[in-house]
Amino acid sequence: MKPPPFAYHAPRTLDEALRFLAEHENAKVLAGGQSLIPLLNMRLAAPAHLVDINRVAGLDEVEVTSRGVRVGALARHTRVERDQDVAAAQPLLRRALRHVAHPVIRNRGTVVGSLAHADPAAELPAVLALLGGTVEAASARGTRTIRAADFFAGPLESALREDELAVGAFFPAAAPRTGTAFAETARRHGDYALAGVAVEVAADDDLFVRSARAAFLSVGATPVVLDLTGPARDGQSGRPPGSCDWTDAAAHVRERLDPEPDIHASAAYRRHLAGVLTLRALDEATAEALA
Ligand code: FAD
């Protein structure tokens, strides 16, 4: 099918892009196009205007500091996935990006576009939610920083306003004695996951778990973040340092999640899967935190 008609704008500067968004109702930003173009072709979206930001200079930067990783709106998945400094500062990004679609899609698709698209089955929203990252929104009225906890409003719905462009996203760096892991199950590698989890475990100097958190994808309308510190600590009590039993944490996850069934998986199967993936991810993340 062909997309419905729209007016196409290709601004060269950020100011121009923001002016277009301020002056035109029912406008959509076009970044990598890997989600928007299929939606248009299937006629699931019919914006009157497309604002193609691909020619806007300065939006493709990736900055790594001791605080974390700032990803510009035009940084492609592949660019972020392959960056060694990014992997050193926050290894969870690369771990999650390897599950995002296929290499050709990652060559075009953008990290920030994935956040703005707010698909609850996508990997990066869960990563941003777990790490407590932020999205930087700009409009002709000014800029604001939106916390991950406030950003994802529902399936394909973010806190971005109609005239706002997400100019970047910030992923905090991994703290010392912290381990992360990402696990998901999809019918085929590269498909959206039936369920998935990103996990962060922090240990103290005595090799005991200080905190454990998980963010799930494909089990709710937005990424679902759970604090697993209590059950994780219970799984350590009476055991030697560095040794953990995650059974309680997995049971806690199964109790707390309330996924919807669809044609791919029942709710019960998704819940079961989330528990199994949590066990695996906690094992990996703890090994890294204690290494
Ligand atoms: P676009 O398609 O250009 O835009 C998507 C939406 O976000 C649009 O509404 C657009 O207006 C908005 N938007 C984009 N950038 C901005 C911005 N800077 N400011 C404001 N709004 C913006 N993704 C996954 O996470 N996991 C998968 O497993 C996965 N599998 C895929 C499989 C296939 C076959 C395909 C085609 C895509 C898949 N994707 C998957 C989607 C892919 O990751 C996209 O790259 C991503 O979702 C959107 O990024 P984009 O840059 O292509 O955004």
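A backbone N or O atom of Leu36 lies 2.7 Å from an oxygen atom of the ligand, a polar contact (a pair of N or O atoms within 3.5 Å). Please keep in mind that this is a predicted model, where local features need pLDDT of at least 70, side-chain atom pairs count only at pLDDT 80 or more, and totals for chains, interfaces and linings use all residues. Residues are numbered from 1 along each chain as its sequence is written, and side-chain values use heavy atoms, with hydrogens and water left out.

**Polar contacts and cover of the ligand**
- Gly190 has a polar backbone atom 3.3 Å from an oxygen atom of the ligand.
- On its own the ligand exposes 960 Å², of which the protein buries 89% (areas by the Shrake-Rupley method with a 1.4 Å probe).
- Lys28 uses a side-chain N or O atom, 3.4 Å from an oxygen atom of the ligand.

**The shell around the ligand**
- There are 30 residues around the ligand, and Val29, Gly33, Leu36, Thr110 and Glu123 come nearest (a residue is near if one of its heavy atoms lies within 4 Å).
- Helix H7 gives the most to this shell, with five residues (helices are DSSP runs of H or I, at least four residues; strands are runs of E, at least two, all numbered from the N terminus).

**A visit to Thr178**
- Thr178 belongs to strand E11, residues 178-185.
- Thr178 is buried, with a relative accessible area of 12% (buried means under 20%, exposed over 50%, partly exposed in between).
- A polar atom of the Thr178 side chain lies 3.0 Å from the backbone oxygen of Ala175.

Terms used
A polar contact is a pair of N or O atoms within 3.5 Å; within protein, one must be able to donate a hydrogen and the other to accept it, and residues adjacent in sequence count only if both atoms are side-chain atoms. Buried means under 20% relative accessible area, exposed over 50%, partly exposed in between (1.4 Å probe, protein chains only).
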